[in-house]
Amino acid sequence: MTKHKKLKKWVDECAKMCQPDKIIWLNGSEEEKVILEQQACDTGEIIRLNQELLPGCLYHRTAPNDVARTEDLTFICTSKKDDAGPNNNWMLPKEAYHRAREIFTGSMRGRTMYVIPFSMGPVGSPFSKVGVEITDSIYVVLNMRIMTRIGTKVLEYLGKTGAFTKCLHSKAQLDITKRLILHFPEDNAIWSVGSGYGGNVLLGKKCLSLRIASHLARQENWLAEHMLIMGVEEPGGKIDYIAAAFPSACGKTNLAMLIPPEGLKIKGYKIWTVGDDIAWMRVDTDGALWAVNPESGFFGVAPGTNSKTNPNMMEAIKKNTIYTNVLLKMDGTVWWEEGDGPVPAEGIDWMGRPWKPGMKDEKGNIIKGAHANSRFTVPAKQCPSISYRLEHHHGVPISAIVFGGRRAHLAPLVYESFNWQHGVYVGATMASERTAAQFGKQGEVRRDPMAMFPFCGYNMADYFGHWLKMGEKIEKKPKIFHVNWFRVDEEGKFLWPGYGENLRVLEWILSRCRGEVEAQKTPIGYVPRPQDIDLNGLNLTNKIMEKLVAVNKNEWLEELKGHQQFFEQFGERMPKAIWDEYEALKQRLESK
Ligand code: OXD
Ligand code: MN
């Protein structure tokens, strides 16, 4: 237990409201894990997978209506609506507490309440933040053990008075009409009720490490970002680090674990993965921007992960992994669409129904074995490319910040912003086109600044202002780039091969950071001279390279209308510097 009076008081209050049968404080030990796993298997909440083929691996299904983050039920609860901004759903804290209290009251009757002290970032690092999650879900406990550092060591660090984020979760009845994901930045608190899906209930992840942390970061002068962190090691042993933000379905996790392609092997690069989802970045005493990954695990999307797209991840998830909503095979192993191995002849699908390939629903649509958002939760240290700096208290120095999106035509393969302020504009105008796999009209542009639109815990206009202000504080500023792996030709075929070959673009980015290579100036930024991207071993002509880096002024002028429309929703709160960048870009595009 704890000597922390405020923590004890808060746990007592939650227990009084939720009325659990008993309360267990997690110590984080291996013995504790064994007991919890057994209990979860006894109740059927979790299934133990084939321990010979997948040692230490578990399987779980969520309720069919609880398979993804529910953005429409996610709220930022601040006393002033404008502080949440048009990018968030908003509720008055008083009303939010009242509504949620009704659902929480008695919700843990007949259940155990688990108290999980956890640290985002290495315990005791100046970057780290402590949270305490109260939950009635063993699944949450087992996932939090992987995704964060939990237990006694965190309580000890917290001492009698340390600050922590109060994270309260109950599955309650898993009723979608009684589901709320509430953030109270003014109270440093999160209340999540009625869901059992990871993104809604592993409160250290999106809720604390992005929504609440973005708020704290603004107050404390640092950056909490939806970014991967990776290191590129040269044969001489020097490692340069990149932080990169992409909206979903752009291959962020795969990029973080990239394997150098055949054609570049001769150069002897090695990639180190620091994180695949979240970066917390601070200016250190050397004037550079340093980043840590606050998580200690990966919560990755299964479909599409295979030995071609991500061999490192395939290696990592062979043991000690929790699989959620994938297909359960008859031999007690798992499978998902666009995964490895042959399509199984039969299995049990993510809804627990017998499944065979080619089965159709009543509308004639193919029934998938795994849900499109099925997941695996795996300790980061199992990834063959994991960086030894994962546990480093000061993280890694960032040389380049990369923004990206999925654009069929507009954005070139890569371009470099002119300076920090222009780079912030590039991030603020990030967007992706919907693919067939996503809900909504195909090709429709979804604006997602810095990939933070669903995760920025305050008014996004202020967030842009914060980025601009940070630029003034960072003496050795990383350069800011934009990439697009998804440009297509006249027939709709991808021009760029992607995957491991993306290292060729990172190589150019890092050469630019070191001032080793020239570039072509265009109205949107600097693009590579075709000869400066190493195409060795790739069947790709200079002509295609020219197409990949071409900038079409008319398309960009059309795009500018979207920028304007997007920014206008923030009204007066939008920083002038962003509008200045908009005007400057317009002028560059309009000039001959
Ligand atoms: C995630 C997401 O789960 O961005 O990482 O939705
Ligand atoms: Mn994410």
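In this predicted model, leucine 58 has isoleucine 322 of strand E19 as its bridge partner. The two residues belong to a parallel pairing, in which three bridges join strand E3 (residues 58-60) to strand E19 (residues 322-324). Strands of a sheet pair through backbone hydrogen bonds, and they may do so in a parallel or an antiparallel sense. E3 and E19 are part of an open sheet of five strands, and reading across this sheet gives the order E2-E3-E19-E24-E18, with mixed pairing. At its edges are strand E2 (47-48) and strand E18 (297-301), each of which pairs on one side only.

The link between strand E22 (residues 347-348) and E23 consists of two bridges, with the strands running antiparallel.

E13 pairs with strand E14 (residues 239-245) in the antiparallel sense over six bridges, and the bridge partner of glycine 231 in E14 is tyrosine 241. The hairpin of E13 and E14 has five residues between the strands, and in this hairpin glycine 237 adopts a positive phi near 100°. E13 also runs antiparallel to E15, to which five bridges join it. One of the residues involved is glutamate 233, whose bridge partner in E15 is lysine 270.

The manganese ion (ligand 2) is coordinated by Lys206 through NZ, His226 through NE2 and Asp277 through OD, at 2.1 to 2.2 Å. Along the sequence, these donor residues follow the spacing K-x19-H-x50-D. Histidine 226 sits in the loop between strand E12 (223-225) and strand E13 (228-233), whereas aspartate 277 sits in the loop between strand E15 (270-275) and strand E16 (279-283); the pair is 51 residues apart and links distant parts of the chain. Are histidine 226 and aspartate 277 buried or exposed? Both histidine 226 and aspartate 277 are buried.

Several side chains place an N or O atom close to an oxygen atom of ligand 1: the distance is 2.8 Å for arginine 69, 3.1 Å for arginine 375 and 3.2 Å for histidine 226. On its own, ligand 1 has 210 Å² of accessible area, and the protein covers 82% of this.

Two further residues show how polar side chains are placed in the fold. Serine 385 is found in the loop between strand E24 (375-379) and strand E25 (396-404). With a relative accessible area of 3%, serine 385 falls under the 20% cut-off and therefore counts as buried. Its side chain is joined to the side chain of threonine 273 by a polar contact of 2.6 Å.

The other residue, glutamate 433, belongs to strand E27 (residues 431-433). Glutamate 433 has a relative accessible area of 15% and is likewise buried. What does the side chain of glutamate 433 contact? It makes a polar contact of 2.9 Å with the side chain of arginine 407. A polar atom of the glutamate 433 side chain also lies 2.9 Å from the backbone nitrogen of alanine 408. Finally, glutamate 433 and glycine 500 are 67 residues apart in sequence, and their C-alpha atoms are 22 Å apart in space.

How values were computed:
Residues numbered from 1 in each chain as written. Chains lettered and ligands numbered in written order. Predicted model: local features only at pLDDT ≥ 70, side-chain atom pairs only at ≥ 80, totals over all residues. Heavy atoms only, no water. Pairing = 2+ DSSP bridges. Helix = DSSP H or I, 4+ residues; strand = E, 2+ residues; numbered from the N terminus. Donors = N, O, S within 2.8 Å, 3.2 Å for Na, K, Ca; no water. Buried < 20%, exposed > 50% of the residue type's maximum accessible area, 1.4 Å probe, protein only. Polar contact = N/O pair within 3.5 Å; in protein donor to acceptor, adjacent residues only side chain to side chain. Areas by Shrake-Rupley, 256 points an atom, 1.4 Å probe, with all protein chains shown as cover.
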